[in-house]
Amino acid sequence: MPTQDKTRRLPSQSISQDIISLHGLQTVRTYDTTRADASVANLQQAYQDMLAQQQNETEKLTLYRAATDAARLAEWQFHNAVLAMKEVIRGQYGSDSDQAQAVGLKKKSERKRPSRRKAVAMA
């Protein structure tokens with residue numbers, strides 16, 4: 001039997017088939033084994049552990065998504081506040097001021113002037 005790669009998730013179809021197999025085993029009244037890992041009690045415990053961990057994962061994913069949304073909104077609020085501050089700087093000090101340059105705006109006098117394009121003669 002090849003080694004199992006436990007770093008990847010099992011396909012949901014495999015897990016569904018395993019659950020169906022466990023439910024089917026409950027109809028077999030004469031099942032008895034000496035293998036501890038294949039006992040009915042171990043199978044039930046493993047199933048309950050899996051359900052608990054899946055619930056834990058779902059709860060944490062929900063918290064993660066909520067935290068992501070909150071961080072995204074905070075980033076937008078900060079960005080909009082900075083844009084408003086830049087508008088105020090431009091309004092108070094002018095577009096060609098050192099204060100405007102200090103907050104990351106380009107001075108109006110340092111902008112490259114548009115150059116005229118020469119008309120291409122058509123032959």
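Colleague: What should I know about the model and the numbering?

Modeller: This is a predicted model, where local features need pLDDT of at least 70, side-chain atom pairs count only at pLDDT 80 or more, and totals for chains, interfaces and linings use all residues. Residues are numbered from 1 along each chain as its sequence is written, and side-chain values use heavy atoms, with hydrogens and water left out.

Colleague: How many helices and strands are there, and what makes a run count as one?

Modeller: The protein chain has 3 helices and 0 strands. The order from the N terminus is α-α-α.

Colleague: How do you know that α2 reaches close to its expected span?

Modeller: The expected span of a helix is 1.5 Å times one less than its number of residues. α2 has 54 residues, and the expected value is 80 Å. From first C-alpha to last, α2 reaches 78 Å, which is close to that.

Colleague: How does the chain compare with a compact globule?

Modeller: The radius of gyration is taken over C-alpha atoms, and the globule rule is 2.2 Å times the number of residues to the power 0.38. For 123 residues, a compact globule would come out near 14 Å, but this chain has 33 Å. Its C-alpha trace spans about 90 × 55 × 25 Å along the principal axes.

Colleague: Which pairs show the separation in space?

Modeller: Glycine 94 and arginine 29 are one of the pairs: 65 residues apart in sequence, 87 Å apart C-alpha to C-alpha. Alanine 67 and serine 109 are 42 residues apart in sequence and 44 Å apart in space, again C-alpha to C-alpha.

Colleague: Why is serine 97 called buried?

Modeller: Buried means under 20% relative accessible area, exposed over 50%, and partly exposed in between, with a 1.4 Å probe and protein chains only. Serine 97 has 8% relative accessibility, so serine 97 counts as buried. Serine 97 sits in the loop between α2 and α3 (98–102). Across the chain, buried residues make up 7% of the 123 residues.

Colleague: Is lysine 107 buried or exposed?

Modeller: Buried, because its relative accessibility is 15%. Lysine 107 lies in the segment after α3.

Colleague: Why is the pairing of aspartate 98 and lysine 107 called a salt bridge?

Modeller: A salt bridge is a side-chain nitrogen of Lys or Arg within 4 Å of a carboxyl oxygen of Asp or Glu. The aspartate 98 and lysine 107 side chains meet at 2.6 Å, N to O. That 2.6 Å pair is also a polar contact. Side chains of opposite charge can pair when their charged atoms come close.

Colleague: How many salt bridges does the structure hold?

Modeller: It holds 4. Among them, aspartate 37 meets arginine 35 at 2.9 Å, N to O. Arginine 35 counts as exposed because its relative accessibility is 53%. Aspartate 37, at 45% relative accessible area, is partly exposed. Another joins arginine 72 to aspartate 69, with the closest N and O atoms 3.0 Å apart. Both lie in helix α2, 3 residues apart, about one turn of the helix. Arginine 72 is partly exposed at 39%, and aspartate 69 is partly exposed at 36%.

Colleague: What makes Val28, Tyr31 and Val40 a patch?

Modeller: Patches are made of residues with over 30% relative accessible area and no salt bridge; like charges are joined within 9 Å, nonpolar side chains (Val, Leu, Ile, Met, Phe, Trp, Tyr) within 5 Å. Tyrosine 31 has 31% relative accessibility, so tyrosine 31 counts as partly exposed. Tyrosine 31 lies in the loop between α1 (12–25) and α2 (40–93). Together the three form a nonpolar surface patch with about 220 Å² of accessible area. Such areas come from the Shrake-Rupley method with a 1.4 Å probe; for residues, only the protein chains shown count as cover.

Terms used:
Helix = DSSP H or I, 4+ residues; strand = E, 2+ residues; numbered from the N terminus. Polar contact = N/O pair within 3.5 Å; in protein donor to acceptor, adjacent residues only side chain to side chain.
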